[in-house]
Amino acid sequence: MKRQDIRNVAIIAHVDHGKTTLVDQMLKQSGTFRSNEFVEERVMDSNDLERERGITILSKNTSVMYGDVKINIIDTPGHADFGGEVERIMKMVDGVLLLVDAKEGPMPQTRFVLQKALKEGLKPIVVVNKIDRTDARVEEVIDEVLDLFIALEADDDQLDFAAVYASAKDGLAKLNQEDEATDLRPLFEEILKQIPCPEGDSEAGLQLLISNIDYDKYIGRIGIGKIIRGTVKKNQMAVLASTKGQNLNVKISNLYSFQGLGRRDIEAATVGEIVAISGIADINIGDTICSVDDVEAVPFVKIDEPTIS
Ligand code: GDP
């Protein structure tokens, strides 16, 4: 099953290159492009408040709608101390947005995370941001990005990256520098076109690979991950296959998908979707949540966490 209705993408940027501003604008504009027949609950009220104030914190997982397509955007930490987390995120997504400041060009954090994305075989969309700056040097920055791709041994397909020119601040994007830009539609279109849809067997036994852990003071430990195959339902019994090789019977007491900057309770989700579950105290990164009658853990890939000196 090909999930034409979902794109899972990580966003990579050096600090201050405009990640928060861009996602904020994508959220703001997403409603505008929504088709009439697609009616969904609005984003949580607190998010609306946040939007009015201007968002200061980018949620780790954000989703925006473009027409009937849900784009899950996973924030990626840029610092080398989070190397393991970055690698796990790269395994969860099908593409990346590489955001680069039109004046500064690629910086160390751009390089670090890009390297992980390329290694995972992902094809980035390069977004040159802040093109409104009077000191923007767009052509040079594209050349520097290309040099960086070459230095990081990108393959031919990755080198053939799509470039989008944007002003996140003004909520504009365009595919050619000489084009007129009115909104972020060209960026949304490029995401739909360039990032592959997640795929998998929705009828198979469940495999939900936990790639991140979050904590909420009311609901406790939350496991976040992508459904590799099958379908997950709220209140279902499941088996947690731990990385230590132990199997634990568990109940999925809460199931959430990401909506805007918040989480939304859902009854079920199927292959390709990124979900969060709560109610399992012992949940850890690398664990697989499986159907009771079909327990097969996703092989655990040990990621060397850099030691902080
Ligand atoms: P982040 O650290 O990558 O999340 O960056 P922010 O979104 O917080 O942006 C850092 C700074 O750059 C802020 O002062 C933004 O207002 C500014 N900024 C973001 N996008 C643009 C843009 O398109 N043009 C200009 N001129 N400034 C921008």
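**Figure 1. Composition of the shell around the ligand.** Two nonpolar, seven polar and six charged residues make up the shell around the ligand. The model shown here and in the other views is predicted. Of the 15 residues around the ligand, those that come nearest are D16, K19, T20, T21 and D132. Helix α1 (residues 19-30) provides the largest share of this shell, with three residues.

**Figure 2. Polar side-chain atoms facing the ligand.** In the side chain of T20, an N or O atom is 2.4 Å from an oxygen atom of the ligand. N129 places a polar side-chain atom 3.3 Å from an oxygen atom of the ligand. For D132, the distance from a side-chain N or O atom to a nitrogen atom of the ligand is 2.7 Å. The ligand taken alone exposes 580 Å², and 71% of that is buried by the protein.

**Figure 3. The open sheet of eight strands.** The strands follow the order β12-β11-β17-β8-β9-β16-β13-β14, and their pairing is antiparallel. At the edges are β12 (247-251) and β14 (262-265), each of which pairs on one side only. With direction ignored, neighbouring strands of this sheet are turned by 40° against each other on average.

Figure 4. Strand β13 (residues 254-259) runs antiparallel to strand β16 (residues 274-278), and four bridges join them. L255 has I277 in β16 as its bridge partner. Helix α3 (residues 83-92) packs on the sheet and touches β8 (207-216), β9 (220-229) and β16. The direction of α3 makes about 130° with that of β8.

**Figure 5. The open sheet of seven strands.** Here the order is β2-β3-β1-β4-β5-β6-β7, with mixed pairing. The edge strands, β2 (61-66) and β7 (172-174), each pair on one side only. From one strand to the next, the twist averages 30°.

Figure 6. Four bridges link strand β5 (residues 124-129) and strand β6 (residues 162-167) in the parallel sense. V126 stands opposite A163, a residue of β6. Helix α3 packs on this sheet, where it touches β1 (6-13), β3 (69-75) and β4 (95-101). Its direction makes about 150° with that of β1. Helix α7 (residues 185-194) lies across β1, β2, β3, β4, β5, β6 and β7. This helix, α7, runs at about 100° to β2.

How values were computed
Residues numbered from 1 in each chain as written. Predicted model: local features only at pLDDT ≥ 70, side-chain atom pairs only at ≥ 80, totals over all residues. Heavy atoms only, no water. Near = heavy atom within 4 Å. Polar contact = N/O pair within 3.5 Å; in protein donor to acceptor, adjacent residues only side chain to side chain. Areas by Shrake-Rupley, 256 points an atom, 1.4 Å probe, with all protein chains shown as cover. Helix = DSSP H or I, 4+ residues; strand = E, 2+ residues; numbered from the N terminus. Nonpolar A, V, L, I, M, F, W, Y, C, P; charged D, E, K, R; others polar. Pairing = 2+ DSSP bridges. Axes fitted to C-alpha atoms, helices over the stretch in contact; angles between N-to-C directions. Contact = heavy atoms within 4.5 Å.
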